[in-house]
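Let's take a friendly tour of a few local features. Have the sequence and the coordinates ready as you read.

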Amino acid sequence: MRYLNLTILLVVLSHLCAMSVAAQGFAKGADISWISEMEDQGNTWNNANGQQQDLLEILKSYGMTAVRLRVWVNPNGGWYSSIDDVVQKAQRAKNAGMDIMIDFHYSDDWADPGKQYKPSAWSNFNVQELADAVWQHTHDSLQILKDNGITPLWVQVGNETNDGMLWEEGRASDSMANYARFVSSGYDAVKAVFSSAQVIVHVSNCHDNDLFRWNIGGLRDNGANFDIIGASSYPTTSDMAWRTANNNCLSNLNDMASTYGKDVMVVEVGTPWNDGEAREIIADVISKVRQVNNGRGKGVFYWEPQAYNWNGYEMGAWNPDTRQPAGGMDAFLEGGNPSSSSSSTSSSSTSSSSTSSSSSSSSSSSSSTSGNNTLVVRARGANGDENITLTVGGNTVQSWVLTSSMANYTASTNATGSVQVEFTNDGTDRDVQIDYVQVNGQVRQAEDQTENTGVWANEACGGAGNSEWLHCDGFISFGSVSGGATSSSSSSPSSNSSSSSSVSSSSSSASSGTNTIVVRAQGADGSENINLIVGGSILQSWTLTTSMASYTASTSNTGYVEVEFTNDEEGRDVQVDYIQVNGETRQAEDQTENSGVWANDACGGGSQSEWLHCDGAIGFGELSSGASQSSSSTSSSASSSSSSTGNNGGVCNWYGTDYPLCVTTTSGWGWEESQSCISESTCSSQ
């Protein structure tokens, strides 16, 4: 009986540990593996106030709760990234109250899409010996951590294993079975030491669904064991606009979660520290991972944000002149301000006040849902049962129960006055994310608004503005509406809507009617002309600025909807983010007809792009008396067309190893014809 009771106790404890890991919220963290080497070279870091402070405390003040640490087998440098070095850094993280991810490279040096070299001590091992070595190295390293009182929540078995690991035996394009075998060896070793740790398989290029389908599908088909699918996302290094890369990343993560039944994470993200859009780029990645269906998105880790003036790396999130955090770090605040200590991003309030509507579109309106003013609220709930209320001038216009997927909620009213979106039923695990509100076609981004009484920041509800999030019962104010005239509470309203002076009408159709179309676009030069066409007739023409703005028109026309670029010349290009047709958003990168994108050495040589580089048009499907049908591909995810393009036979000798040159990938490493390739620009940079 004593042994039976002990067995039951162990089972219960194991279950509780698993529940503890599963209950972890959304992780925001950083790979800080360079920290020990940087500190040994005398580097220090300043906080947002310009005061020198321990790096981990600064990361925590920006909302980061976890660190990621890489492990090399026998490091070429001798110490850094050895298991002994990792133990010291992990101990610091533990003492700081941070969670830990361990990243095994299974190499003596960097392992990434372009190189997966075996440790020198394993160079002559056969497949069985390599599998045994993976198990032993993983097990022994984790046991050392365990002996030092360190328990990682996540363990990566391999780093950016696009084409497998431990080449040549584990090269996936030669033997997916061997690759799967090595992954499973790592998985078994992890579970032998930390049974509740989550095991991650890591692939780069989050925007490339073809790569992930081939890699993760191959692992599944060959019986590999793992818990989470990890991705790298460096949006500005892809051969597409960063918004397109992020949208494709979200589509891919949703596909991975639904197809393989796994949670997903972005375990590496980065952008140039001095990019003017750094905060927006990284914030959008975080937002996209939070949007993964059914709560499957589990976190985002910035890769080496603390790196400044270090090894030529420019994609950290630190200003080398001030040694203070830069825009990429600001994104992890999600609209709040740096705190003096780490604060939870979930509300401390457990109010259960005011639950209502039983359906996601249930109306509890005290104003008519018809009128001259049309408002669109784009929002989602963290849990999927959050209640929000749209008010205008203090009057309730409409109430909705949100789902966990980002969606549009539309209402019309004759009411005028202040526009607010209110969260009314805060409770455990309930949070609301408002992307934007559209008021009579004018987009007002939530993060641009200065009044937010529901965001949890600075250890208080309503402790900051400029956030998409409502963690507590409260509201975001979106300016006012008055008889069709609008005024935003944004600190920079000019960036949210098109200036009337930039709109040149050459419409051949009346700009009034039952159908409302919003075009979200910008020009590279600021002198680009676009036409909105419905059913073959020009409805409206505009001259773009260099800022993304919304352009609105109404019509009674029906037929095929197109956005056309008409005055191409050197320096002019058009980026169309999306159009909205009667409240339905159609993303440009999802559309299959684009006659103006430059691809495969020709205008119109591709599709599924936001860009018009030549005179041409993007087709956005049909408009028919309010009913609409997009020209988007019915595929569950939009992927880069580069993966289906043949290689031209060129070869790059990359530090002694030959790799095929990419055809369509213009920078970094790519994946074409089921193999890794290198862009000409990256090849020539070595």
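In which loop is Asn-440 found? Asn-440 sits in the loop between strand 14 (432–439) and strand 15 (442–445). Strands here are DSSP runs of E with at least two residues, and helices are runs of H or I with at least four residues, numbered from the N terminus.

This is a predicted model, in which local features need pLDDT of at least 70, side-chain atom pairs count only at pLDDT 80 or more, and totals for chains, interfaces and linings use all residues. Residues are numbered from 1 along each chain as its sequence is written, and side-chain values use heavy atoms, with hydrogens and water left out.

The side chains of Asn-440 and Asn-373 are joined by a polar contact of 3.0 Å (a pair of N or O atoms within 3.5 Å, where one must be able to donate a hydrogen and the other to accept it; residues adjacent in sequence count only if both atoms are side-chain atoms).

Another loop residue is Ser-82, placed between strand 2 (66–71) and helix 4 (83–95). Leaving aside residues up to four places away in sequence, Ser-82 touches Trp-72 and Pro-75, where contact means heavy atoms within 4.5 Å.

Here is the accessibility of both residues; buried means under 20% relative accessible area, exposed over 50%, and partly exposed in between (1.4 Å probe, protein chains only).

| Residue | Relative accessible area | Class |
|---|---|---|
| Ser-82 | 8% | buried |
| Asn-440 | 27% | partly exposed |
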